[in-house]
Amino acid sequence: MNLFRKIATFMILLALLPGAVLAQKAPKGKDQLVTIATSHGEMKLLLYDDTPLHKENFLKLIREGYYDGTTFHRVIDGFMIQGGDPNTKDDDPRNDGMGNPGYTIPAEIKPKYKHVRGALAAARMGDQVNPKKESSGSQFYIVENHQGTPQLDEAYTIFGQVIDGLDVIDKIAEQAVDGRNRPLSDVKMTVKVEDVKKKKIARKYNYTYPQAN
């Protein structure tokens, strides 16, 4: 009887093994790993495939060097940090926050994406002048609040997530600001992207890729 039970147990484990291996199997292919470098450190981000318009535009601007030399021009401790305005490259701080590449991006709001800490989302004009919730062509913000900002859920397009360097967001958010929440000392950025194997990203940053539906 003991032998029979051992054989039965072995057969059950053998039957379960392929499924277990499949569940733990690392995703195939490569992903675009974005690095935002500042004087306060680096942030690593991934962009979502199911917000393709925002992902493609963000990668295009990065590869053109559009963001290099721009600043995080609006930071609110306990809320978020905002950047991506080309006007921040000039010497006039009064026009910061009003620049763009001359176009907007149709909203790609996905209810499954929430404004958790480190969420990357597109800035936009208010509903009064922008009822379709179209996004700025370049300006973005990153959630700093450790509990998230759920009041913004389903109102702005979230198109990525910081997977490393969350402490850098905190450091930027803690900078002294003027009455417009502009840092008194410029927080400039350099942004680059590289193709990295998903398996390496998952291992190095302890990131779990969502299962395909």
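First, some ground rules. This is a predicted model, where local features need pLDDT of at least 70 and side-chain atom pairs count only at pLDDT 80 or more, while totals for chains, interfaces and linings use all residues. Residues are numbered from 1 along each chain as its sequence is written, and side-chain values use heavy atoms, leaving out hydrogens and water.

Now the overall picture. The protein has four helices and 10 strands; here helices (H or I, at least four residues) and strands (E, at least two) are DSSP runs, numbered from the N terminus. Along the sequence, the order reads α-β-β-α-β-β-β-β-β-β-β-α-β-α.

How many of the 213 residues are buried? The share is 42%, where buried means under 20% relative accessible area (1.4 Å probe, protein chains only).

Let's zoom in on strand β9, residues 158-164. Six of its seven residues are buried, so β9 is largely enclosed by the rest of the structure.

Who are its partners? Two strands pair if DSSP finds at least two bridges between them. Strand β2, residues 41-47, runs antiparallel to β9, and four bridges join them. Within that pairing, leucine 45 has valine 162 of β9 as its bridge partner. Strand β6, residues 119-122, also pairs with β9 in the antiparallel sense, over three bridges.

Definitions and conventions:
Buried means under 20% relative accessible area, exposed over 50%, partly exposed in between (1.4 Å probe, protein chains only).
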